[in-house]
Each structure stands twice: as C-alpha cells, then as structure tokens.
Amino acid sequence: MEDLTKKLIKYFKSLGIEVYTNTKARGHQGFFLKNRIDISTNTRKERVIPTLLHEFAHFIHNKLEPDMIKTGGLIEILFDLPTSDVRQFEQELLLVTNFVDENSLCHRLKTHKEQIKRRIKTFEAQIREDYPIFMRSKKFKEFDKYIKKSKAKYLLKYDRVKFISPFLRREEIFSIDSLEKDFPEMPRAFCAYIRLKSAQKKQARISKRINHLNKYYLKPTELFARFVEGVYLDEEKINLIAPYFYNRFFELLEKDYYFELKSVFEILETDRLASVS
C-alpha cells in the first residue's frame with residue numbers, strides 16, 4: 001500500500017503537480033487546486049490512495065474543462081457523450097457515488113430530520129389539547145399576546161439565553177429544556193409552541209445541509225472523481241452498477257482522452273499483478 005502511494009505521488013510530481021501529505025486539506029480528506037494536491041494528515045491509511053486518485057481525477061478534468069472549478073463541469077465533456085445519452089444513464093453515476101461514499105446518502109441527517117418531524121407533531125398535538133384550531137401555518141395570536149411581556153420571547157430565537165443585570169450583575173439563564181422551571185406561570189401549550197419553533201429551525205438547518213450536500217455530490221466533477229475512485233476500489237462492482245459509463249470510460253481511456261490517467265491505471269495494474277504473483 002505504501003509503495004503504491006509513493007509511486008503515484010512520484011508520478012504526479014513528474015507531471016509538475018505539487019503534492020502535500022502534511023496539511024489539513026481545507027477540512028477534507030484531499031483537495032485539488034491550481035496544479036496542487038493536498039492530502040490531509042487525518043486521512044486514514046486505507047483512504048490515501050483512493051483520495052490521491054480522486055484529486056488526480058480533478059486534475060485531469062481541469063485539462064478537459066479549464067473552468068470546471070467554477071462551473072462544476074459537464075458530464076457530456078467528461079465522457080464525450082451527447083446530452084441525450086447522459087440523461088438516459090446519469091443515474092449510474094449517482095449509484096457509483098453512493099457506493100464509494102456512503103455519506104452521499106445523508107442517512108444520519110435524514111434520520112435526524114425524521115426524528116425532529118415526529119417531535120414537531122408531538123408539540124403540535126400538545127398545543128391542540130388547549131387550542132384545537134391551532135395551525136402551524138397561521139399566527140398563534142394567544143401566544144403572541146402573552147409572549148410580549150415575557151423574557152421567554154428571546155427563546156423564540158435562541159434555545160438558551162443569559163441575562164446579566166447592569167448594576168448588580170445578577171445572572172439569569174433560560175433554556176427551552178427548562179421552560180416549566182424557568183417560567184412556571186407559562187401555559188403548557190405555550191411551552192410546547194416555543195419548543196415547536198425551535199424544532200422547526202433545526203429542521204430547516206438540516207434540510208439546508210442536505211440540499212448543500214446533494215448539490216456538492218451531484219457536481220459532474222465530483223461524480224467523475226468518485227467514478228475513478230470506484231474503479232480502483234472495486235472494478236467489478238462499478239461495471240455491475242454502471243455498465244454504460246464503465247464501458248465508455250475505458251473506451252476513452254484507451255484512446256488517451258483522459259491524458260495521463262491512462263498511465264496511472266497502468267501503474268495500478270502493474271502493482272496489482274505484482275501483489276498477486
């Protein structure tokens with residue numbers, strides 16, 4: 001594993017690429033920008049080679065589309081295909097991404113979002129016990145009138161607030177977790193409403209995060225880089241789940257469409273044969 005890593009880095013450097021393996025890689029496992037590849041020191045040993053290949057794929061893509069960093073690239077150019085073919089088979093590339101990087105499925109975020117949805121329904125049911133016509137989409141007039149005179153109004157924006165009196169420096173801390181204790185006079189329905197609003201904000205943040213990740217993973221440049229990763233990790237699996245793009249990729253690879261990527265796969269194949277002999 002280590003020998004192959006050294007071979008790849010040596011080859012990348014021979015192409016004029018700066019390779020650094022002692023950085024934080026801008027918070028990622030790896031990073032490519034302007035003929036430079038960074039591999040994070042936090043990257044697990046078994047992930048170093050796939051990450052090197054991923055970032056080198058960006059290098060190759062940059063040759064095909066010099067503005068790919070800004071635009072995200074085009075699958076039509078990456079696989080030299082008409083748009084009609086791309087639309088027909090592009091789901092294959094997403095399946096490859098899901099196989100290579102399980103985080104692309106957003107399982108944890110989606111599970112958390114579902115948990116919050118259930119909490120929102122619970123709070124809504126508690127409110128309707130006292131206000132049967134309550135609707136989340138409409139103003140809660142009774143609550144709005146009550147909350148104006150209470151410090152609890154700040155909990156509509158923050159889950160936890162601290163007040164310090166100007167002269168005596170007396171400290172008060174309020175939290176949505178201790179509403180009944182901090183505001184014993186507040187009706188139960190109003191406590192539930194504050195918690196409902198907090199849960200809605202959390203749900204919106206998770207949705208935003210999921211949308212951001214989906215946008216990132218669906219960029220053609222990322223789909224291509226994970227495709228290259230996938231071929232290294234399990235070529236048979238990639239052929240099985242993405243036969244159209246698998247065949248097209250190797251057809252173009254043999255024609256030197258991907259420039260030096262062909263030499264990289266020759267290095268990988270030589271190393272594989274050496275390891276089984």
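Predicted model: local features only at pLDDT ≥ 70, side-chain atom pairs only at ≥ 80, totals over all residues.
Residues are numbered from 1 along each chain as its sequence is written, and side-chain values use heavy atoms, with hydrogens and water left out.

Helices (H or I, at least four residues) and strands (E, at least two) are DSSP runs, numbered from the N terminus. Two strands count as paired if DSSP finds at least two bridges between them. Strands of a sheet pair through backbone hydrogen bonds, either parallel or antiparallel. E2 and E3 (residues 36–40) run antiparallel and are joined by four bridges. Gly30 has Ile39 in E3 as its bridge partner, and Phe31 stands opposite Asp38.

Side chains alternate along E2. Gly30 and Phe32 point to one face and are buried (under 20% relative accessible area; exposed is over 50%, partly exposed in between; 1.4 Å probe, protein chains only).

Asp38 lies in strand E3. Its relative accessibility is 9%, so Asp38 counts as buried. The side chains of Asp38 and Arg36 are joined by a polar contact of 2.7 Å. A polar contact is a pair of N or O atoms within 3.5 Å; within protein, one must be able to donate a hydrogen and the other to accept it, and residues adjacent in sequence count only if both atoms are side-chain atoms. Leaving aside residues up to four places away in sequence, Asp38 touches Tyr20, Thr23, Ala25, Gln29, Gly30 and Phe31. Contact means heavy atoms within 4.5 Å.

Most residues other than glycine have a negative phi. Lys34 has a positive phi of about 50° although it is not a glycine. With 71% relative accessibility, Lys34 counts as exposed. Phe259 also has a positive phi, near 50°. Phe259 is placed in the loop between helix H13 (243–254) and helix H14 (261–276). Its relative accessible area is 36%, so Phe259 is partly exposed. Lys63 lies over the face of Phe259, 5.1 Å from the ring centre. A charge sits over a ring if NZ of Lys or CZ of Arg is within 6 Å of the ring centre and within 35 degrees of the ring normal. Lys151 has its charged end over the ring of Phe163, 5.2 Å from the centre.

Rings of Phe, Tyr and Trp (its six-membered ring) pair if their centres lie within 6.5 Å; planes under 30 degrees apart count as stacked, over 60 as edge-to-face and the rest as tilted. Tyr244 and Phe245 have ring centres 5.6 Å apart and planes at 90°, so this pair is edge-to-face. Tyr244 is partly exposed at 24% relative accessibility, whereas Phe245 is buried at 0%. Both belong to one aromatic cluster, whose members include Phe79, Phe89, Tyr257 and Phe265.
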